[in-house]
Amino acid sequence: MLKVNNFLSSTRKLFPNPQIGHQQWRSIVKVRLKWVKNRSLDHVIDTETDLKAACLLKDAIKRSPTGFLTAKSFADWQKLLGLTVPVLRFLRRYPTLFEEFPHARYANLPCFRLTGTALLLDSQEQSIHQAHESDTIERLCRLLMMMKSRTAPLQSLHPLKWDLGLPDNFEKVLIPKFPDHFRFVKAPIGVAAVRLVQWREELAVSALERSNEVGEMGDEYRQFKRGQTTLAFLMNFPRGYGAQKKVRAWMEKFQKLPYISPYDDSRHIDPNSELMEKRAVGVLHEFLSLTIHKKTKRNYLRSLREELNIPHKFTRLFTRYPGIFYLSLKCKTTTVALKEGYRRGKLVNPHPLVRLREKFYHVMRTGLLYRGKGVNLIPREDILLNDLENKVEDGEEEEETEEVEIGSGDEFYEETSDVEDE
């Protein structure tokens, strides 16, 4: 009894509203849900897997002192790049980006360098990084502000650089430029890490809070700031879920729980309470909001799980809240996406870097279709004048969002074989 009283006392310090402390103990019926396949988002993940691999190979060639890579140097990169085919075959698919030539000493050793088109796209990418540097810094600050120690190991940030829109070699070209924001430290596990130097209160506003500050939700947000209401997550349920009374009742009770900002101290919340579960959903929502493609791989989140203070088996949160998240099993990996970030298979508010990557993918696809001709099919003027953006938009039809239920029977359940945490 004394332990419970001490907990409630500490909870009141964190939450002046007595209802919040009480609601930690509220019982919400656990409705088990089917995993539902979303073909539209699966298609996005499938195409961007190849796009990401091509961009990472482009960066690797650019970093090479010789300006090219040999087939021997990337022979074991297939798994690292998330490819389902050997890297050599992958590079040969896209002659508009990667030019193959024989080694000067070993005629049977294939080598690859960047084409003029790839170099031009890379120069545009560097210009975008420079023009939006302040936005990148804010995104990295927010990420570190969500960590318990305001620190993240470099080995955890490197896999996320594509998702967060960080420049290649960001630890050399970006972080040292801002000593007032970041510094390098040694993490407790003995690896190099980046630490936030100073808390920035103006950035401690989540994407959910910012989206409610203006527009029709402005009044509700002002009531939330006064402690009179809670913030609700945007829900986009798969077809058929909204009509289920149990699901609807469960979500209504979940939405009425107090919203805990991912930037607030959560140490005083009961780790087994529904309130802590909603806080974890908020952290994952904010994390995905910080990514420029509104998605990332589950394993990347796992490496930061303790710092983010989310449950060990956090994958079940993605399957328990299919109105907020989508969990994909495409490309022999597990990817999680924020559903509100997409509409009809396209990002709602694409970052300029995403726009450039769409041009990059158009160049890739052109090379794949006409690779046998061996000619430069992408005029330099098209890239300079941004004509490729119009071609991408005009040439690709919007794919209907189709979500297919996996399983049988009328009962909803969680898919546990491939989806659950190991």
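Residues are numbered from 1 along each chain as its sequence is written. In this predicted model, local features need pLDDT of at least 70 and side-chain atom pairs count only at pLDDT 80 or more, while totals for chains, interfaces and linings use all residues; side-chain values use heavy atoms, with hydrogens and water left out.

**Stop 1: helix α3**

Select residues 39–63, helix α3. Helices here are DSSP runs (H or I, at least four residues; strands are E, at least two), numbered from the N terminus. The end C-alpha atoms of α3 are 36 Å apart, which agrees with the 36 Å that its 25 residues should span at 1.5 Å a residue. That expected span is 1.5 Å times one less than the number of residues.

Of the 25 residues of α3, 18 are buried, so the helix is largely enclosed by the rest of the structure. Buried means under 20% relative accessible area, exposed over 50%, and partly exposed in between (1.4 Å probe, protein chains only).

Now go to the start of α3. A side-chain oxygen of N38 comes within 3.1 Å of the backbone nitrogen of S40.

**Stop 2: salt bridges**

A search of the whole structure finds 16 salt bridges. Each is a side-chain nitrogen of Lys or Arg within 4 Å of a carboxyl oxygen of Asp or Glu.

Select K58 and E125. Their closest N and O atoms are 2.6 Å apart, in a salt bridge. K58 sits in α3 and E125 in helix α6 (residues 116–131), so the pair links distant parts of the chain, 67 residues apart. Both residues are buried.

Next, select E277 and R320. This salt bridge has its closest N and O atoms 2.7 Å apart. E277 lies in helix α14 (residues 274–290) and R320 in helix α17 (residues 315–320), so the pair ties together parts 43 residues apart in sequence. E277 and R320 are both buried.

Are R92 and E100 buried or partly exposed? R92 is partly exposed, at 40% relative accessible area, and E100 is partly exposed, at 36%. They form a salt bridge, with the closest N and O atoms 2.9 Å apart.

**Stop 3: the nonpolar core**

Select F90, F98, L143, F182, L308, Y321 and F325. These have the most contacts inside the largest nonpolar core, which has 92 residues. Such a core is a set of buried Ala, Val, Leu, Ile, Met, Phe, Trp, Tyr and Cys residues joined through side-chain atoms within 4.5 Å. The largest share, nine residues, comes from α3.

Finish at L308. Leaving aside neighbours within four places in sequence, L308 is in contact (heavy atoms within 4.5 Å) with M146, M147, R279, V283, F287 and L301.

Notes
A polar contact is a pair of N or O atoms within 3.5 Å; within protein, one must be able to donate a hydrogen and the other to accept it, and residues adjacent in sequence count only if both atoms are side-chain atoms.
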